[in-house]
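Hi,

Here is the structure I promised to pass on to you. Please have it open while you read, as my notes follow below.

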Amino acid sequence: MITNAFTVDFEDWYQGIELPYNQWNKYERRIEKGLFPLLDALEKQNVKGTFFTLGWVAKEYPELIKRLAAAGHELASHGYTHEKVYNLSPQQFRKEIRDTKHIIEDLTSQEVTAFRAPFFSITNKSLWALPILAEEGYTIDCSISPIKTWRYGITTCPDEIFRIREANIIEFPVSTFSYLRKRWAIGGAYFRLFPYSFTGNGLNKRIKKGKYTMFYIHPWEYDPSHPKIKLERKAQFTHYTRLNKTLPATEKMLHNFKFGTLKEVIKNYEKKHVINSIGIDILQG
Ligand SMILES: [Zn+2]
């Protein structure tokens, strides 16, 4: 039974580094350069994943969206402009998730039911977004990290699949593990900055405890030669370090562990567990 979800934030390199939406057209488009090696690696192990897609990307690359759907991957929403939820008004947020859902659904025959906020930006400043997601037809959210960083995180968020008590939403938060008295996430920069065995050991620890895992990654992490622009120090380090290691590490991980779509993993969880309800007040901290 598959208990690990393989998820991708489907966006280009200039969207992953906080460049404003109205400037995206100035930058070299390279989304396929990272996507294709990743798709090959998934296909080699016959793994289907979940692609949290920006509405802007779906509009600009309709053929890629159709191709992902035809290959059996799950399409989900990553908002439209990659703006952090806590920087949007509730009205702007509603429009982003509504437009993105419609664009993707028009291109595929799939219903879009899952959402991940850019930079995991559902924090205690933006919990108002959860009921809006439910009102707009979403049933799954993957936008909360139990680890606090300079951009995101809610430390009172449980590290398990749970239901938001006030809204019809299942939350699959960022998956973590403890190492050297610190908590680390399974995916993204954590996957890339350290050797493969770091995440491999983390996954094994979770499996031993019967925990379900959500791995996350971006196509630009498979494109080591994408343009380098000067960023703030922390972002510079987490964005550009060891990009040439992402593909071999992913191949190894897909070989060693079983992965599937988010929907499939949540369905498996529901077969074995009663999903706990957590109130928004707990997440408020
Ligand atoms: Zn993103």
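Let me start with one lysine. Setting aside neighbours within four places in sequence, K101 is in contact (heavy atoms within 4.5 Å) with E111, V112, E136, G137 and Y138. Before I go on: this is a predicted model, in which local features need pLDDT of at least 70 and side-chain atom pairs count only at pLDDT 80 or more, while totals for chains, interfaces and linings use all residues. Residues are numbered from 1 along each chain as its sequence is written, and side-chain values use heavy atoms, with hydrogens and water left out.

K101 sits in helix 4, residues 90-107. Helices (H or I, at least four residues) and strands (E, at least two) are DSSP runs, numbered from the N terminus. Is K101 buried or exposed? Its relative accessible area is 8%, so K101 is buried; the cut-offs are under 20% for buried, over 50% for exposed and partly exposed in between, with a 1.4 Å probe and protein chains only. The side chain of K101 makes a polar contact of 2.9 Å with that of E105. Such a contact is a pair of N or O atoms within 3.5 Å; within protein, one must be able to donate a hydrogen and the other to accept it, and residues adjacent in sequence count only if both atoms are side-chain atoms. T113 is twelve residues from K101 along the chain, and their C-alpha atoms are 8.2 Å apart.

Now the metal. The zinc ion has E11 (OE), H78 (NE2) and H82 (NE2) as its protein donors, at 1.9 to 2.1 Å. Donors are N, O and S atoms within 2.8 Å of the metal (3.2 Å for Na, K and Ca); water is not among the atoms, so sites may look incomplete. The spacing of the donor residues in sequence is E-x66-H-x3-H, and both H78 and H82 are buried.

What about the cysteines? Taking a disulfide as a pair of cysteine sulfur atoms within 2.5 Å, the count is zero. For C142, the nearest cysteine sulfur belongs to C157 and is 11 Å away, which is too far for a bond. C142 is buried at 0% relative accessibility, and C157 is buried at 3%.

Last, helix 8 (residues 233-240) has A235, H239 and Y240 as its buried residues. They line one face of helix 8, because they fall within an arc of 95° seen down its axis; the arc is that of the directions from the helix axis to the C-beta atoms. Helix 6 (188-193) is among the elements covering these buried residues. After helix 8 comes R242, with a positive phi near 55°.

Best wishes
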